[in-house]
Each structure stands twice: as C-alpha cells, then as structure tokens.
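User: Hi! I'm new to protein models and would like to learn how to read one. Could we go through it step by step?

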Amino acid sequence: MQRHLPERVDSARDLVACRDALRAGSKSFAAASRLLPARVRDAATILYSFCREADDAVDLHAGGVDAVAELRARLDGIYAGTPRAFSTDRAMADVVRVHALPRELLDALIEGFEWDAGGRRYATMDELQDYAARVAGTIGAMMSVLMGTRSASAVARACDLGVAMQLTNIARDVGEDARAGRLYLPLDALHAAGIDSERWLVKPEINDGVRAVIRNVLGVAEALYAKVDSGVAQLAPECRPGINAARFIYAEIGRVVANSNYDSVSRRAIVSRRRKVWLLGRAWVAGTRLRAGGDDGPLAATRYLVDAVTMATFPDAERTAASSLPWWHVRSRALWLLDLFEQMERRERAASLHGLMEAGLRR
C-alpha cells in the first residue's frame, strides 16, 4: 500500500506551492518528478523546494550569517510541529513527520551552504570530504530515507556517492571556480606541489602541480564510486538505474578530465548526449545484476549522517516499498536525474558570474 503525505487543511495548497516553486526553479525536475512513485515524488518536491529556498537565502546575504540563523529558527518550528506560516515550512513538517527525516541532515546541509558563503577553504582531503559530506552526502542520505532504505550500509553508500559526485564537480570546475575567486583543492596538496594558492588564484593556469592535485581528487572520487554497488543493490529495483546513471555519468566526467591530461583550468569537461544515452543503458543493465555484498562502513566525514538516519525512530508499520515502474519510465527518470544535475550546475555558474559582476561594481 502506498503511503502519501497526511491530509490537513492546507496540505494540498502547500504542495501546489512547492510544485510551483519547483517548476520555476527547475522545469526538467518538475516534469520528470511525475515519474517517481507518489510517496517519493511529493516528498522530494517539498524537500527540493525547501533546500532551494535555503540555498538562495544564504547566497543573497553577505556572509550568510543572518540567513543561516533564520533557517535554523525555521527548522526549530518544523521539527517542533509548529512551522512558520510558509507553504514550504508546513509541507516540510509533514515530510519530517511521515519519513522521520533526521534534522541533523538538514542542519549539515545548511552548514555547508554557510561554509560556501564564507568562502571557506580546505587544508586537507579530509577537510574537503567534510565539506562534500555536507553539501552532497546529505542529499544522498535524505533521498535514501525518502526511498525507504535506511540501513547503515545503504545510507553509507548513498553518502559515498554524494561525496564522490561533489569531488568530481570540484575537479571539473577548478578553473571556473578560481576565476570566481573560489578554491576547493586541498591546500596541503597544492603546497606539496610547489604552488602558492593565493598567487595562483590571481592568475589561474594549468601546470604539472595542479594536474597532480586534480588527479588525486579524482582518484579519491573513483574509489568511492567503486563502493556504491552494495548500497544500490538495497534500493527498490526501479530506483537503481537513476542512481547508477548518476554514478556512471559523473565517473565519466572524471575520465574526460583525465583524458584532457587533467586540465580543468583552461577547459571544462563535457560528456556528450550520445555517451550519456549509452551510459543510461549500462545503468539499467547494471541495476538488474546487483547483489548486496560486504560493507567496510562509512567515511569518517559521513559517519554522523549515517548514525543520524539509523538512530531515528521509524515505526515498522509505516515502512512501504516503492512500486514498480516499466523500464521506459525508469529510463526517463534517469534522464531527469541528469537534467537536474545540469540545471544545478547552470545555476551555480550563473551565481558565480553574478558574484563576479557585483565584485567588479564595488571596486
């Protein structure tokens, strides 16, 4: 039996408001979200709407300090069952109650937004993984919860995938980030390669030292992608191809960077649409052959996220399995997932350009 969000006086109107916000922010996400099982589709729409509001709120405030405090106050109300008089907050309170979504996941995501707003840099790979855990590992954990898969091993692998994808983004966008005044590569690795990070940011260019650091970041991501199978095997069958598609295509981005001799400063790696379609086919086939296997536990950076999910109260009576979808819907949903990531990337690049323009005007 499918479990939908509980009915209350404003629930239908609030969900419509979240859907409207979704269509305004990501038409591809909105169109393809109809292919998700209802219990996942509505909750994911609401979650996306809240996370987008949170990201925008922090981006639009200098330093994001006031916005972060306001977001945490809104979460207080949501988790107390007394949400603010906003459609998104009321709807999020329903998602939190129905899915027992741990607050630690949303607090961590907001902390990641705060780190970005403050221009934080990362001294080591461990610190970089701490950041990736917040801005991407949390998304993996939350989607695992919404899909009804809450085992420690499955959530750990969902977090691994999020972290790996974020590391791939970082490795791909080195030049673009640098020209926006941002630097995510581990500072100790740059120093070991003989690079003065501040001087390099003034005039970012590719060299052997930068290539070596990018190669190392992609190596860490690749090792995480290789661990994801055992987690995907625990998902409902129709959920697997979309997750595998994300994994295969982001891993392919890393390979495109590698094939360009790790130059993501003067160029940007792009996976062709034709190659994506081929990888979608591979993702569908791979999803039918998976078997749950051994598990070596979560990353140190994501352990607290996994613990937050596994320790949350979630009555067995409320557990439901996702309904099966025909293969052509699965393929369309995987395409939606790719479009979503591309939409997010375009939005991030637009925000970077806006920030550069504002900085120029202030000079």
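User: Is C159 buried or exposed?

Analyst: A residue counts as buried when its relative accessible area is under 20%. In this predicted model, C159 has a relative accessible area of 0%, so it is buried.

User: And how should I read C51, buried or exposed?

Analyst: The cut-off works here too: C51 has 12% relative accessibility, and therefore it counts as buried.

User: How many disulfides are there in the whole structure?

Analyst: For a disulfide, we look for two cysteine sulfur atoms within 2.5 Å. Searching the whole structure turns up zero disulfides.

User: What share of the protein's residues is buried?

Analyst: Of the 363 residues, 52% are buried. As for the surface, the protein exposes about 16600 Å², and 55% of that comes from carbon and sulfur atoms.

User: How many helices and strands does the protein have?

Analyst: The count is 17 helices and zero strands. Let's take α14 as an example: this helix covers residues 240-259, which makes 20 residues. From first C-alpha to last, α14 reaches 28 Å, close to the 28 Å expected at 1.5 Å a residue.

User: Why is α14 described as largely enclosed?

Analyst: Because 15 of its 20 residues are buried, α14 is largely enclosed by the rest of the structure. After α14 comes N261, with a positive phi near 60°.

User: What do the contacts tell us about residues that lie apart in sequence?

Analyst: Take the contacts between residues at least 6 apart in sequence: 78% of them join residues at least 24 apart.

Methods. Residues are numbered from 1 along each chain as its sequence is written. This is a predicted model: local features need pLDDT of at least 70, side-chain atom pairs count only at pLDDT 80 or more; totals for chains, interfaces and linings use all residues. Side-chain values use heavy atoms; hydrogens and water are left out. Helices (H or I, at least four residues) and strands (E, at least two) are DSSP runs, numbered from the N terminus. Buried means under 20% relative accessible area, exposed over 50%, partly exposed in between (1.4 Å probe, protein chains only). Contact means heavy atoms within 4.5 Å. Accessible areas come from the Shrake-Rupley method with a 1.4 Å probe; for residues, only the protein chains shown count as cover. The expected span of a helix is 1.5 Å times one less than its number of residues.
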